[in-house]
Amino acid sequence: MSPSPIRRVALCAAVSLLAACGGGQHSAPASTNAPVLAASVVAEPDYNALVQHLYIAYFGRAADPAGLAYWAAWCRKSLVPTDMPGFARAYGQNAGVTLLMDEFGKSAESRALYTGDNDAFLNAIYHNVLSRDADAGGKAWWLDKIERGVLTRPLAAAYIMAGAQGSDALSIERKAHAVDLLTTFFKTIGFGSGDYVAVDTTVLNERIRALLVAINAGTDTATVEQRVRDLIAELAIIYGWVPH
């Protein structure tokens, strides 16, 4: 996918100390007040999409069923926004958002996935989240904010995903469909968080990450679903699972 022209946007409330900055197609979401949610009207499944997006951004994989259920319940109790842009904007304002983003972004799994300097980190984020190379202007903008301490790596990852537009947003949508299918399969065979501790998931995570990186806006739904079926068949042989 070719990069879009660089846009100038105002940084969101979490970094409102800046009046205006340059950004790209993936620029930080525009400043608005984070929505106030009532636990009585937001169900845990309403958070599934948000949690899956966080797993893609920070771990490059699908959520395991137990992890998805745990964090969806946690989000509901913490009254965090249900959408990714609202979630990113609420960092520093909503204690639940701040804790969750730091927990994911600073976890051992995320740090192992995003190694190297800030330039390497941004290259990896663009590939994992948007399935493309970073445009020079956009990467320079994010790099400047990270290296000056305006943004942390976890916050930059959330902003890049939350601010995706056009083909980038469609790419994320296609990935989200793939991880939903994978998590549903995991649930069907009873594979959960405990299994991530009990077995070596190196191959599993590598295969899922390769699948997601290969999915972009040009990958239609039927192709996404076929690739997921093919991966499940491969994993079934490796781990002795019975695909349904």
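Let me begin with a term: a residue is called buried when its relative accessible area is under 20%, exposed when over 50%, and partly exposed in between, using a 1.4 Å probe and protein chains only. What we have here is a predicted model, in which local features need pLDDT of at least 70, side-chain atom pairs count only at pLDDT 80 or more, and totals for chains, interfaces and linings use all residues. Residues are numbered from 1 along each chain as its sequence is written, and side-chain values use heavy atoms, with hydrogens and water left out.

I turn to charged pairs, where a salt bridge is a side-chain nitrogen of Lys or Arg within 4 Å of a carboxyl oxygen of Asp or Glu; the count is 10 salt bridges. One of them joins arginine 61 to aspartate 64 at 3.9 Å, N to O, and here arginine 61 is buried at 5%, as is aspartate 64 at 3%. Arg61 and Asp64 also belong to a network of salt bridges that includes Glu109 and Arg209.

As for the aromatic side chains, rings of Phe, Tyr and Trp (its six-membered ring) pair if their centres lie within 6.5 Å, with planes under 30 degrees apart counted as stacked, over 60 as edge-to-face and the rest as tilted. There are 16 aromatic pairs by this rule; tyrosine 70 and tryptophan 71 have ring centres 5.0 Å apart and planes at 90°, so they are edge-to-face, and tryptophan 71 is buried at 13%.
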